[in-house]
Amino acid sequence: MDIRVATLCDFAQIREGLLFVHSAGITRVYRESFPAPIGVMLALVLEMSPVEANVANKIRVRVEDADGFKLAEMVGEMQVKLGSGHDPGEMVNVPFVADFRNIKLPKPGRYQVAVYPEVEGASPVALGFRAAVRNKT
C-alpha cells in the first residue's frame, strides 16, 4: 500500500469510488480564539495491489501537537472486492476520508495529521499545519 494523495481540506467525500475534495492544501487555520475546532478533513488516495485490496487493511490517523501528543485518533479498515472492471495485476486506487472538523485545538501553534498505514512496508505520512489567532482588523 502506498499513499498517492494526502491533503488537508475543508471538505471531502467518496462517491462511486471517486474522491471529491474541496479547498485542499490547508497549512494554516485561523480562529478567533482557542480552544477552537480544527475545521479540516483529511483526504487520501491509497494505491494497493490486488492482493492487498482483497484483504482487510487498517489505517490509523492521528491529530497530534508539536510534541507528538495525541489530540484525536481514528482507525479505519478498508477492503475492495475487485470486479470484472480490473485487469489482472492492476493496481487499485482506494479513496479514504477522515473527518476531524470538530476536534478541538487547545491553543495556537504547530500541529500535524499523521497517517499510519498498518501494512508491512507502508510508510507513514504527516501533514503539518499551524493554528493561529485571526487578526482583528
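Predicted model: local features only at pLDDT ≥ 70, side-chain atom pairs only at ≥ 80, totals over all residues.
Reader: Why is Ser23 called partly exposed rather than buried or exposed?

Author: Its relative accessibility is 35%. Buried would need a value under 20%, and exposed one over 50%.

Reader: Where does Ser23 lie, and what makes its phi worth a remark?

Author: Ser23 lies in strand β2. Its phi is near 55°, which is a positive value in a residue other than glycine. Glu16 is another case, with phi near 50°.

Reader: How do you know that Glu16 is exposed?

Author: The relative accessible area of Glu16 is 72%. The cut-off for exposed is over 50%, so Glu16 passes it. You'll find Glu16 in the loop between β1 and β2, the latter covering residues 18–24.

Reader: Which residues does Phe129 touch?

Author: Leaving aside residues up to four places away in sequence, the list includes Leu8, Ile26, Ile38, Leu105, Tyr111 and Val113. Each of these counts as a contact because heavy atoms come within 4.5 Å.

Reader: How far from Phe129 is Val119, in sequence and in space?

Author: In sequence they are 10 residues apart, and in space 26 Å, going from C-alpha to C-alpha.

Reader: What makes β5 an enclosed strand?

Author: Count its residues: 8 of the 8 are buried, so the rest of the structure largely encloses β5. In β5, Met41, Ala43, Val45 and Glu47 are buried on one side. Leu42, Leu44, Leu46 and Met48 are buried on the other.

Reader: How do you know that β5 pairs with β1 and with β8?

Author: Pairing takes at least two bridges between the strands. β1 and β5 are joined by 7 bridges, and they run antiparallel. β5 and β8 are joined by 8 bridges, again antiparallel. Both counts meet the cut-off, so both are pairs.

Reader: Which residues touch the most other members of the largest nonpolar core?

Author: Leu42 and Leu46 do, in a core of 33 residues. Strands that each supply at least two residues to this core include β1 (2–15), β5 (41–48) and β8 (92–99). β6, β7, β10 and β11 do that too. In soluble globular proteins, nonpolar side chains tend to be buried together. As for Leu42, among the residues it touches are Leu8, Val61, Phe96, Val113 and Leu127, not counting those up to four places away in sequence.

Reader: What makes β6 and β7 a hairpin?

Author: β6 (residues 57–65) and β7 (residues 70–78) run antiparallel and share 8 bridges. The pairing cut-off is at least two bridges, so they are paired. The hairpin has 4 residues between the strands, and Gly68 in the turn has a positive phi of about 85°. One of the bridges puts Ile59 with Gly76 in β7.

Reader: Which other strand does β6 join, and how many bridges are there?

Author: β6 also joins β10, residues 109–117, through 7 bridges, and the two run antiparallel. Asp65 stands opposite Tyr111 in β10.

Reader: What makes the peptide bond between Phe34 and Pro35 cis?

Author: Its omega is about 0°. Pro35 is in the loop between β3 (28–31) and β4 (36–37).

Reader: And how many helices and strands does the whole chain have?

Author: There is 1 helix, with 11 strands. Along the sequence, the order is β-β-β-β-β-α-β-β-β-β-β-β. The C-alpha trace spans about 60 × 25 × 20 Å along its principal axes.

Reader: How much of the chain is buried?

Author: Of the 137 residues, 38% are buried. In this count, buried again means under 20% relative accessible area. The chain exposes about 7900 Å², with carbon and sulfur atoms supplying 49% of that.

Key:
Residues numbered from 1 in each chain as written. Heavy atoms only, no water. Buried < 20%, exposed > 50% of the residue type's maximum accessible area, 1.4 Å probe, protein only. Areas by Shrake-Rupley, 256 points an atom, 1.4 Å probe, with all protein chains shown as cover. Core = buried A, V, L, I, M, F, W, Y, C linked by side-chain atoms within 4.5 Å.
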